[in-house]
Amino acid sequence: MTEKQSSTQPPVIEIKNLHKSYGDLEVLKGVDISAKRGDVVSLIGSSGSGKSTLLRCANLLEDSQSGEILFEGEPIRWKGTGLNRRPADRAQVTRIRTNLSMVFQQFNLWAHMTILQNVMEAPVTVLGEDKAEVETRARALLAKVGIGDKCDVYPAQMSGGQQQRAAIARALAMQPKALLFDEPTSALDPELEQEVVKVIKDLAAEGRTMIIVTHDMRLANDVSDHVVFLHKGLIEEEGPPEAVFNTPKSERLQQFLSATV
Ligand code: ADP
Ligand code: MG
């Protein structure tokens, strides 16, 4: 997991010229983004710029109208075109979705399940893995994110920071090739935010492949190999964090950064 992928291997996830509309509203207007193994890519931009939509298109929670999505070099197969375009192969969709695990702003834990059950659910029911093996892995992951003592607790009994760490453990339990984070710290109070930031930094240091939508410019600066600034459905500027944060070229990016820090 720690060594970077050699340049001959395809990226874990690659998106080319993606277009996405909701009815008449064109939200993504030809976006390219990719993450090689071990890459941390941060996606920044104003509210409404299309960041969540891009992540949701990447793991096929949303349909897109044109452009390519490749997982480890394998293109998604589509049927239909334009507003009727859909993935053609359900098995491929399941495989890709389980390999691109998503962590949401609002945690999205199942309220009626304990934390351990939340983490075990998908590997057991979606992947059909052995329950005892999954339980061992789930307990280890909960310990890793610092809530090993919360296995038998329900989500409502935990703080937001603990719930989000449980959601990260749940995503990791799928043993995905990449993690997709959608504003993982935005719903948290500042002191709880840091618990989650620490977990994300640990994952970056382990060499995990991640795409992180975040409003936290310090986090983006600290963990990213590459930062992408999305503006109204187009990439306005991108590059290594030093360049994007210290010497932004685009006026819109300069404005965005001065408004956020
Ligand atoms: P961001 O995550 O950058 O704040 P979003 O991807 O959530 O942006 O939204 C981009 C645009 O798409 C916004 O104008 C938003 O109102 C619109 N949008 C998002 N989801 C839907 C939806 N399900 N139906 C219609 N419009 C949507
Ligand atoms: Mg969003």
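Colleague: In the hairpin of β1 and β2, which residue takes a positive phi?

Modeller: Gly 23 takes a positive phi near 60° in that hairpin, which has two residues between the strands. This is a predicted model, in which local features need pLDDT of at least 70 and side-chain atom pairs count only at pLDDT 80 or more, whereas totals for chains, interfaces and linings use all residues. Residues are numbered from 1 along each chain as its sequence is written, and chains are lettered from A and ligands numbered from 1 in the order in which they are written.

Colleague: In what sense do β1 and β2 pair, and over how many bridges?

Modeller: Strands of a sheet pair through backbone hydrogen bonds, either parallel or antiparallel. Strands here are DSSP E runs of at least two residues, helices are H or I runs of at least four, and both are numbered from the N terminus; two strands pair if DSSP finds at least two bridges between them. β1 and β2 pair in the antiparallel sense over eight bridges, and Tyr 22 has Leu 25 in β2 as its bridge partner.

Colleague: What is the order of the open sheet of four strands?

Modeller: Its order is β2-β1-β4-β5, with antiparallel pairing. β2 and β5 (74-75) are the edge strands, each pairing on one side only. Helix α1 packs on this sheet, touching β1 (13-22), β2 and β4, and its direction makes about 60° with that of β2. Such angles run from 0 to 180 degrees between N-to-C directions, and axes are lines fitted to C-alpha atoms, for helices over the stretch in contact. Residues are in contact if their C-beta atoms, placed from the backbone, lie within 7 Å.

Colleague: Which residues surround ligand 1?

Modeller: A residue is near a molecule if its C-beta atom, placed from the backbone, lies within 6 Å of it. Ligand 1 is surrounded by Tyr 22, Leu 25, Val 27, Gly 45, Ser 47, Gly 48, Ser 49, Gly 50, Lys 51, Ser 52 and Thr 53. The elements giving two or more residues to this shell are β2 (25-35) and α1 (51-58), and α1 gives the most, with three residues. By class, the shell has three nonpolar, seven polar and one charged residues. Ala, Val, Leu, Ile, Met, Phe, Trp, Tyr, Cys and Pro count as nonpolar, Asp, Glu, Lys and Arg as charged, and the others, Gly among them, as polar.

Colleague: At what angle do α5 and α6 pack?

Modeller: Angles under 35 degrees count as roughly parallel, over 145 as roughly antiparallel, 65 to 115 as roughly perpendicular and the rest as oblique. Helices α5 (residues 160-173) and α6 (residues 190-205) pack at about 20°, with their axes 8 Å apart, so α5 is roughly parallel to α6. Their contact includes Gly 160 and Ile 168 of α5 and Leu 192 and Val 199 of α6.

Colleague: How far apart are the axes of α4 and α5?

Modeller: The axes of α4 (residues 131-144) and α5 are 9 Å apart, and the packing angle is about 140°. That makes α4 oblique to α5. Among the residues in the contact are Leu 141 of α4 and Ala 169 of α5, and by class the contact has seven nonpolar, no polar and one charged residues.

Colleague: Which strands does α5 lie across?

Modeller: α5 lies across β8 and β9, running at about 170° to β8. Four bridges join β8 to β9 (residues 178-182), and these strands run parallel.

Conventions:
Two residues are in contact if their C-beta atoms, placed from the backbone, lie within 7 Å.
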